[in-house]
Amino acid sequence: MATAPTLVKYATPNPYTAESRRELEHAAAELMKGAAIEPAPVVDLLDDDEPLEVELATSLLYPNCHYSYRQLRSHVAALDAGKIDELIALGTKHRGRHDELLRSFSAGQSFRFDILMDIGGFRDMHRHRRCVQLLQGYTDAHGYEEPICPGQPTLAEAGLEAEYKAAMDAAFAAYRTLRDSGVQEATQSAQYLLPLGTRCRSMFKMDFAEALYISELRSGVAGHFSYRRVAWAMYKAAAQRHPVLERHFRIEDVNEPVDLLKR
């Protein structure tokens with residue numbers, strides 16, 4: 001440890017985070033036992049009419065499984081009040097004197113987007129820190145994206161579809177081999193084998209100003225087609241929910257072919 005950077009040298013594990021994650025993973029697995037992951041849209045702007053207790057319990061489980069928020073919430077909402085309270089208690093059970101509450105306790109925001117997108121695009125979306133983000137672990141459970149950019153050839157048109165599919169399938173096979181190897185921390189290490197085109201799920205909670213900002217910024221022609229599509233879907237969902245506010249968005253139509261000279 002003599003050569004370790006200072007911040008790493010004095011870092012210690014956080015029992016609150018580690019123990020809470022372990023117990024919440026178990027609780028999510030028990031609650032969703034036997035349930036297949038249901039299909040979900042790229043962007044799902046959630047309604048906001050569930051009780052705060054249901055939102056808290058669902059938000060605590062969400063980062064510790066691979067189900068959509070809506071599917072997970074339906075199972076949580078079916079529980080009695082006592083069971084929901086037990087789930088919430090798992091999030092505070094191991095909290096030490098100086099521990100802040102888990103991020104999942106940040107609840108009550110007006111705009112909650114459950115997003116399923118590729119890892120590469122997500123890494124840019126992840127930079128928006130003015131909103132609360134609940135992140136699920138990378139996995140092969142949601143498959144992968146095919147790069148589609150309006151005005152540009154598809155993989156099939158470019159003659160690359162078979163080659164792309166073979167490369168992604170090979171990467172997924174290597175991921176599963178390492179994940180299931182039984183080696184210490186294999187599940188965590190295997191995530192590094194997943195290509196950036198792999199789909200991942202995350203929850204973004206924010207106010208109207210941040211929803212407008214992300215939609216405008218990430219839909220611009222200078223952006224990557226992957227997150228442009230997500231930003232457009234966020235805008236359309238917000239405009240449908242609040243049509244009187246639509247005129248305030250200065251938005252780029254991502255379905256129009258991109259003029260590369262404007263990038």
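E216 is buried, at 16% relative accessibility, where buried means under 20% relative accessible area, exposed over 50% and partly exposed in between (1.4 Å probe, protein chains only). The model is predicted: local features need pLDDT of at least 70, side-chain atom pairs count only at pLDDT 80 or more, and totals for chains, interfaces and linings use all residues. Residues are numbered from 1 along each chain as its sequence is written, and side-chain values use heavy atoms, with hydrogens and water left out.

**Salt bridges**

E216 forms a salt bridge with R250; the term stands for a side-chain nitrogen of Lys or Arg within 4 Å of a carboxyl oxygen of Asp or Glu. Side chains of opposite charge can pair when their charged atoms come close. By this rule the count comes to 21 salt bridges. Three of them are listed here with the separation of their closest N and O atoms.

| Salt bridge | Closest N and O atoms |
|---|---|
| E216 and R250 | 3.8 Å |
| R70 and D47 | 3.3 Å |
| K205 and E55 | 3.1 Å |

In the pair of E216 and R250, the closest N and O atoms are 3.8 Å apart. E216 belongs to helix 9 (residues 208-218) and R250 to the segment after helix 10 (225-241), so the bridge ties together parts that are 34 residues apart in sequence. Helices (H or I, at least four residues) and strands (E, at least two) are DSSP runs, numbered from the N terminus. R250 counts as exposed, at 68% relative accessibility.

The salt bridge between R70 and D47 has its closest N and O atoms 3.3 Å apart. R70 sits in helix 4 (residues 69-77) and D47 in the loop between strand 1 (43-45) and helix 3 (52-61), so this pair ties together parts that are 23 residues apart in sequence. R70 is partly exposed, at 32% relative accessibility, and D47 is partly exposed, at 25%.

For K205 and E55 the closest N and O atoms are 3.1 Å apart. K205 is in strand 4 (residues 199-206) and E55 in helix 3, 150 residues apart. Both residues, K205 and E55, are buried.

A network of salt bridges links D44, D47, E50, E55, R70, R73, R112 and K205.

**Surroundings of S104**

S104 lies in the loop between helix 5 (81-90) and strand 2 (111-118) and is buried, with a relative accessible area of 6%. A polar atom of the S104 side chain lies 2.9 Å from the backbone oxygen of S59.

Note on methods. Polar contact = N/O pair within 3.5 Å; in protein donor to acceptor, adjacent residues only side chain to side chain.
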